[in-house]
Amino acid sequence: MIARLDLAAIHDLCLALPRFARVPLAHLRHLNPGQRQAFWLDEISQSLAKESSIAFVSIVSGTINGFIVYNDSPWDSEITGRRIGTVEHIAVADGDDSGTEILQELLGELTRNLADRGTQCLVCKVHSNELRAIHALEQSGFLLMDTLLDFVFDFSRTPIEEIKPPRQDKQLKVRRAKPADLSALMAINEKAFTGYFGRYHADPQMPPDTATKIYAQWVRSAFEGWADWILVAEVDGRIVGYGLWRKPLEIEAKNSLSVAHYDLAAIDPEFLGRGLWTALMFDGMRIARNYAQYLVGPVHVCNYPVQHTLQKLGWRISGARHSFHKWLN
Ligand SMILES: CC(C)(COP(=O)(O)OP(=O)(O)OC[C@H]1O[C@@H](n2cnc3c(N)ncnc32)[C@H](O)[C@@H]1OP(=O)(O)O)[C@@H](O)C(=O)NCCC(=O)NCCS
């Protein structure tokens with residue numbers, strides 16, 4: 001049986017979660033099952049509390065064996081001019097042979113309900129080892145758009161003092177960004193992300209220029225307070241790159257997860273291969289050390305320069321997530 005899920009039923013879901021196959025925060029290997037469950041429950045509660053949430057559970061013999069939670073994505077929708085929504089949670093109980101079918105039923109129920117909402121594009125990100133969810137998404141018409149590797153850095157395993165500092169370009173100065181730097185960063189973004197390969201580039205149904213608009217808005221939001229620190233790289237007084245970072249999020253701090261976030265960076269293509277990104281990264285990591293024991297950073301699976309440099313600095317690949325899109329026409 002498929003039934004609506006709302007915040008009032010969170011207690012029943014809480015009891016069911018330990019039987020679920022999905023391992024939340026799988027890329028943070030040091031966490032114990034209790035910490036993972038507590039964080040997951042907080043995340044689900046946050047999703048359900050949003051005004052746009054639509055959620056369903058699958059119930060067999062009075063027991064929850066699957067659930068799905070959806071929300072509108074106003075940020076992406078405004079930038080793209082398309083109504084985009086996200087499947088924020090999709091999971092099925094461990095050991096259930098019909099797991100893929102259960103998830104397909106949940107996706108089907110959600111899609112039917114979205115017809116009234118007017119959602120045009122449905123986004124879902126799942127870990128690469130969640131095979132039943134991947135199969136259910138593909139069998140429900142979702143297409144794979146990209147894969148992100150979850151890189152993690154652990155200060156207790158690699159003290160920052162033991163990392164060989166990057167070669168110092170004498171003309172390079174790394175400093176905190178000022179509001180007046182925004183236009184220079186926008187110009188770099190335009191050049192650095194035009195030929196990029198993320199999910200917005202990969203989806204032929206996205207309107208033209210969506211990807212560059214998304215990255216531009218990302219940086220604008222960072223200046224409006226979304227990022228906790230923004231570093232810029234200057235060569236001979238000219239801004240040639242930037243990096244965005246965040247401290248542990250509120251939900252992470254509440255769950256004692258000592259995790260800071262490397263979110264985005266770009267270097268002016270005229271200045272590539274001079275070690276500028278490596279230097280920016282190293283300085284960003286030194287600041288992050290004040291806030292967290294672990295650093296996380298998602299990296300596109302095709303971004304070899306970034307993967308190479310992160311590994312050189314002591315980061316390790318700790319997981320992977322696939323991004324799927326489905327257009328509901
Ligand atoms: C990726 C990017 C940040 C790199 O900037 P950069 O200043 O040229 O990087 P660096 O010079 O510090 O380091 C690049 C390293 O990657 C290596 N590299 C380059 N191409 C590579 C490849 N195909 N495979 C492996 N390593 C590669 C370089 O040799 C260098 O390593 P080295 O210093 O050990 O020789 C820049 O190209 C960019 O802005 N790209 C577009 C936006 C982007 O990808 N942002 C990051 C999103 S997470």
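Ser61 lies in the loop that links β2 (54-60) and β3 (63-72); strands (E, at least two residues) and helices (H or I, at least four) are DSSP runs numbered from the N terminus. This is a predicted model, in which local features need pLDDT of at least 70 and side-chain atom pairs count only at pLDDT 80 or more, while totals for chains, interfaces and linings use all residues. Residues are numbered from 1 along each chain as its sequence is written, and side-chain values use heavy atoms, without hydrogens and water.

**Loop serines**

- Ser61 is not a glycine, yet its phi is positive, about 50°.
- Ser61 is exposed, at a relative accessible area of 75% (exposed means over 50%, buried under 20%, partly exposed in between, with a 1.4 Å probe and protein chains only).
- Ser256 sits in the loop between α9 (250-254) and β10 (259-267).
- Ser256, also a residue other than glycine, has a positive phi near 55°, and Ser256 is exposed with a relative accessible area of 60%.

**Packing of α4 and α5**

- Helix α4 (residues 99-117) packs on helix α5 (residues 131-139) at an angle of about 50°, and their axes are 8 Å apart.
- The axes are lines fitted to C-alpha atoms over the stretch in contact, with angles from 0 to 180 degrees between N-to-C directions.
- α4 and α5 are therefore oblique to each other (under 35 degrees is roughly parallel, over 145 roughly antiparallel, 65 to 115 roughly perpendicular, the rest oblique).
- The contact (heavy atoms within 4.5 Å) involves Gly99, Thr100, Leu103, Gln104 and Leu107 of α4, and Arg132, Ala133, His135, Ala136, Leu137 and Gln139 of α5.
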